[in-house]
Amino acid sequence: MDRETRDMLLETADRFFTERCGREVVNGVEKGVWPADLWKEIEEMGLPLIAVDEDKGGAGGTLADMLALLRLAGAHAVPVPLAETALANLLVARAGGVPAAGPSTVALGALTLEGNRLRGTVTRVPFASVADRFVGVAATTEGPKVAVVPAANATVTETPSHAGEPYGTVSFDKAVCEFVGASPADGERAYALAALVRAMQMAGAADKVLGTAVEYCKQRVQFGRPISTFQAIQQMLAELASYVAATIAAAEAAARDADEGGFADGGSFSIAAAKSQTSDFAQRIAAIAHQSMGAMGFTHEHILHHYTRRLWVWRRDFGSETFWGEKIGSAFAKAGPQALWPSLTASAYAA
Amino acid sequence: MSIPKLEFPPFHLPPEAEALREEVRSFLKETLPHIETEDRFASWNTPSPEFSRELGKKGWIGITWPKKYGGSERSFLERYVVTEELLGNSAPAGSHWVADRQSGPLLLRFGSEEQRQAILPRITRGECFFSIGMSEPDSGSDLASVRTRAEAAPGGFRVNGTKVWTSGAHRNHYCIALVRTSGQHGDRHKGLSQILVDLKTPGVTIRPIINLAGRHDWNEVTFSDAFIPESCLIGNEGDGWLQVTSELAFERSGPERFMQNFYVLRELVRVLGRQPANRAASILGRLIARLWTLRQMSVAVAGMMQGGKSPAIEASLVKDLGTIYQQDLPEVARVLAESDATTEEDMADFLDVAQYATMMAPSYTIQGGTTQVLRGIVARGLGLR
C-alpha cells in the first residue's frame with residue numbers, strides 16, 4: 001500500500017488500540033478472559049489480513065506494512081494474537097491458500113508431514129490455547145510445505161508466558177491438516193520472519209516504555225520538585241533512550257531489508273542482527289525504566305509491566321540473542337577476518 | 001505523549017556512493033601495504049602525512065567541497081563511504097582527519113575568501129593538517145568558560161592563554177582556537193570568536209602531554225603575546241560559539257565514534273578460528289549485531305543530514321552508544337579469547353591487542369563530548385530540562 005494509505009491505517013489502528021486495549025483488557029487476558037469483541041473488531045478492520053493479497057480477501061499490503069502495524073501493536077501490548085495471525089495468514093497465502101477467519105498462531109519447529117498428516121511437538125507456541133488453528137512449515141521431499149491444523153486436531157498443554165499470555169506446547173500426532181501447500185519460505189525462514197515480527201513488537205514496546213518512564217518522571221514530585229529535574233534521573237532516561245533508539249533502528253532496518261529482499265530469503269542477516277540486538281538490550285531497557293519509576297512501576301496496578309514483561313518474553317521468542325548471535329558468529333568466523341567489514345557493509349552473512 | 005519520536009529511518013547509501021566504496025577499497029588494498037605507521041592497527045587518529053597525500057591525489061579529502069577550492073563536489077554520503085572505508089580498513093587517516101571533518105567545512109562556511117583560497121586546496125592535497133583549539137585547563141565540558149584572550153592590536157590580535165588536549169599540534173600546521181575577543185570572563189557565549197592560528201607563530205609554544213599509554217598525541221599550546229593578524233579571524237567577531245556548536249555536530253556524528261577500535265573485532269574473528277564453539281560464536285555474533293546496528297543508525301543520521309535535517313539528538317545517541325560499545329568490545333573480547341582462542345600463541349598476542357584497546361578506551365567517552373554531556377543533550381530533547 002502507498003505511504004499515505006499505510007499512515008492512515010496506522011493512525012486508525014493507533015486510535016483503536018488506545019481505546020480498546022486498555023489496562024483492563026490486557027489484565028483480563030492474563031486472567032484467562034478471551035476478549036472476543038476486541039478480536040472481532042480487529043478482524044473487521046482487516047488487520048490480520050494486512051499482508052494478504054486482495055484477491056484472497058486481504059488488504060494487499062506488503063511485509064513492511066504488516067511489520068509497521070505490528071510495531072504499533074507492540075506499543076499497545078495488544079493482548080490477542082494479531083501478530084501471530086497476520087504472520088500465519090501471510091504464510092498460508094504465499095503457499096497458495098486462502099486464510100480462514102479466526103485467531104491463528106504459528107507453530108514453528110521440527111515438523112514432519114506425511115500426506116496431509118502432521119507430526120511433531122512445538123513448545124512455547126504463543127496463544128496456543130486460544131488459536132482456532134496452527135500454521136507450521138514442514139520439510140518434505142518435495143520441498144517446504146505450509147501445513148494448517150485445526151485446533152481440534154492438535155493437543156495443547158497451556159503454559160502461560162511470563163507476560164500472562166496463553167502460550168503452550170502443541171503436539172501434532174498425525175494431525176489431519178485442513179490445508180497443505182508448497183511454501184516459498186522454508187521452516188527456517190518462517191522462524192526468521194517470526195523473529196522479525198517480535199523485533200518490531202519489541203521496538204514498539206521499548207518506545208512505549210521510554211514514553212511511560214519520561215512522563216512518570218515529569219509528574220512525580222519528590223523533595224519538592226519533579227524528579228525529572230534531577231540530573232541522575234535525566235542521565236538514566238537519556239541512557240534508556242539510547243537503548244530504545246538502537247532497538248527501533250535495528251528492527252526497522254531489518255524490516256526494510258526483509259521487505260526489499262524478497263519473501264523467501266530477504267534480509268536474512270539483518271533479521272538475525274536485529275533480533276540479537278533487540279533481545280540484547282531488552283533487559284537494559286526494562287531495568288532503567290523500572291528503576292526510574294520506583295515501587296509504583298513494580299505494581300500490577302501500573303501498566304509498565306505490560307511492556308517490560310513482554311520485552312522479557314519476546315526476547316526469548318523465536319530465538320534470543322544467544323541463538324541469533326551464534327548464527328551470525330558461526331558464519332562470520334567461518335568466513336574469516338577479511339570478510340568481516342565487507343559483510344557488515346553489505347548487511348549480509350559473511351561468505 | 002509529548003516526547004519526540006526517536007526514529008532512525010532506514011537509509012540506503014546511493015549507488016554512486018557504493019560505486020565509490022569499491023574504488024576506495026581497491027585503492028586501500030594497493031596503498032596500505034606500503035605505508036609505515038606508529039600503530040600496529042591504525043585508525044583515524046594515527047597520523048601519516050604520506051597516506052594523506054596519496055588520498056588527496058584521489059580527490060578524497062574535502063570530497064564535498066567546491067572544485068574551486070580543490071574539492072570534488074561530491075555528496076555528503078560519498079564522504080561518509082570514504083570515511084567508513086578508511087576506518088573499516090584500518091587506514092592511518094589521522095593527519096588530515098580533523099581538517100577534512102571540521103576545520104575545512106568551518107572555513108568553507110564561515111571563513112573569508114582569502115582564508116578559503118589559502119587553506120582549502122592545501123587540505124585537499126593532504127598537505128595541510130589541523131588541530132582543534134577548544135579545551136583549556138579550566139574549560140573542558142564547559143567550553144563557554146574559555147579564558148584565552150585575543151586583545152585588539154594594530155593589524156590584529158595579541159593572544160594570551162593556554163589550550164590543552166590539542167591533538168597533533170606538534171605535527172600539524174594550524175589550529176583553530178576558540179578565544180575571548182570581547183567582554184569579560186563570565187560573559188559565557190558572548191564575546192567568543194575563533195581564530196586561525198599558524199602553529200609556527202612566534203609566542204605559540206607547544207609542549208607534549210603524554211597520555212596514560214605513553215603516547216604523545218596531546219599537547220599544551222601556550223599563547224604568550226602571540227600576534228595573530230586580523231585576516232585570521234574566522235567569520236564575525238563574537239560568532240565563535242555559533243561556529244563551535246556547528247562544528248561539534250560534525251565531530252559527534254561520524255562512524256569514527258564506533259569504529260575507532262574496529263581492529264579488535266577483526267582480530268577476535270581471527271583468533272577464534274573458523275569453527276568456534278557455540279558459546280564463543282554467539283558472543284561474537286552479538287558484538288557484530290551491535291556494530292551493525294550502530295552502522296544502520298549512523299547511516300540513517302547521514303541520510304537525515306543529506307536531507308537537510310539537523311539530527312543533533314540522534315547524533316548524540318549514536319555517539320553515546322558507539323563509545324559504550326567500543327568500551328565493551330575489548331573487555332568481552334579479552335575474556336572470550338582467553339577461553340576460546342585457537343592457539344596459546346594467538347591468545348597471548350590477542351590479549352596484548354585487547355589490553356591496549358582497553359587502555360585507550362577511557363578516551364572514547366570523553367573526546368568529542370563526554371557521555372554525560374551528550375546525555376544532557378538527549379535529556380533536553382526528551383523534554384526533561
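User: How is chain B divided into domains?

Analyst: This is a predicted model. Chain B is divided into domain 1 (15-128), domain 2 (132-238) and domain 3 (252-382). The C-alpha centres of domain 2 of chain B and domain 3 of chain B are 32 Å apart. Five residues from domain 2 of chain B and five residues from domain 3 of chain B make up the contact.

User: What makes B:Cys128 buried or exposed?

Analyst: B:Cys128 has a relative accessibility of 1%. Buried means under 20%, so B:Cys128 counts as buried.

User: Why is B:Leu108 called partly exposed?

Analyst: The relative accessibility of B:Leu108 is 23%. B:Leu108 belongs to helix α4 (residues 97-110) of chain B.

User: Which residues does B:Leu108 touch, not counting residues up to four places away in sequence?

Analyst: They are B:Trp65, B:Pro66, B:Tyr69, B:Arg116 and B:Leu120. B:Pro66 is 42 residues from B:Leu108 along the chain, and their C-alpha atoms are separated by 9.1 Å.

User: What makes strand β2 and strand β3 of chain B a pair?

Analyst: Strand β2 (residues 149-153) of chain B and strand β3 (residues 156-163) of chain B share five bridges in the antiparallel sense. Pairing asks for at least two bridges, so these strands of chain B qualify with five bridges. B:Ala153 has B:Gly156 in β3(B) as its bridge partner. The hairpin of β2(B) and β3(B) has two residues between the strands, and B:Gly155 takes a positive phi near 80° there.

User: Which strands form the open sheet in chain A, and in what order?

Analyst: The order is β2-β3-β7-β6 (chain A), with antiparallel pairing. β2 (112-114) and β6 (155-158) of chain A are at the edges because each has a single partner strand, so one side of each has no neighbour in the sheet. On average, neighbouring strands of this sheet are turned by 10° against each other, direction ignored. Within the sheet, strand β3 (residues 117-125) and strand β7 (residues 168-176) of chain A pair over six bridges. A:Val125 is opposite A:Gly168 in β7(A).

User: How many residues are in the largest nonpolar core, and which have the most contacts inside it?

Analyst: That core has 207 residues, and those with the most contacts inside it are A:Phe17, A:Ile42, A:Met66, B:Phe8, B:Phe130 and B:Leu265. Helix α6 (residues 187-219) of chain A gives the largest share, 19 residues. A second, separate core has 17 residues, among them A:Ala138, A:Val149, A:Phe172 and A:Cys177.

User: How do you know that A:Cys177 is buried?

Analyst: A:Cys177 has a relative accessible area of 8%. The limit for buried is under 20%, so A:Cys177 is buried.

User: Why is A:Ser270 called buried?

Analyst: The relative accessibility of A:Ser270 is 0%. That label applies under 20%, so A:Ser270 counts as buried. A:Ser270 is in helix α8 (residues 268-293) of chain A. Leaving aside neighbours within four places in sequence, A:Ser270 is in contact with A:Ala254, A:Asp257, A:Ser347 and B:Trp292.

Terms used:
Residues numbered from 1 in each chain as written. Chains lettered and ligands numbered in written order. Predicted model: local features only at pLDDT ≥ 70, side-chain atom pairs only at ≥ 80, totals over all residues. Heavy atoms only, no water. Helix = DSSP H or I, 4+ residues; strand = E, 2+ residues; numbered from the N terminus. Axes fitted to C-alpha atoms, helices over the stretch in contact; angles between N-to-C directions. Core = buried A, V, L, I, M, F, W, Y, C linked by side-chain atoms within 4.5 Å. Buried < 20%, exposed > 50% of the residue type's maximum accessible area, 1.4 Å probe, protein only. Domains from an automatic or database assignment. Contact = heavy atoms within 4.5 Å.
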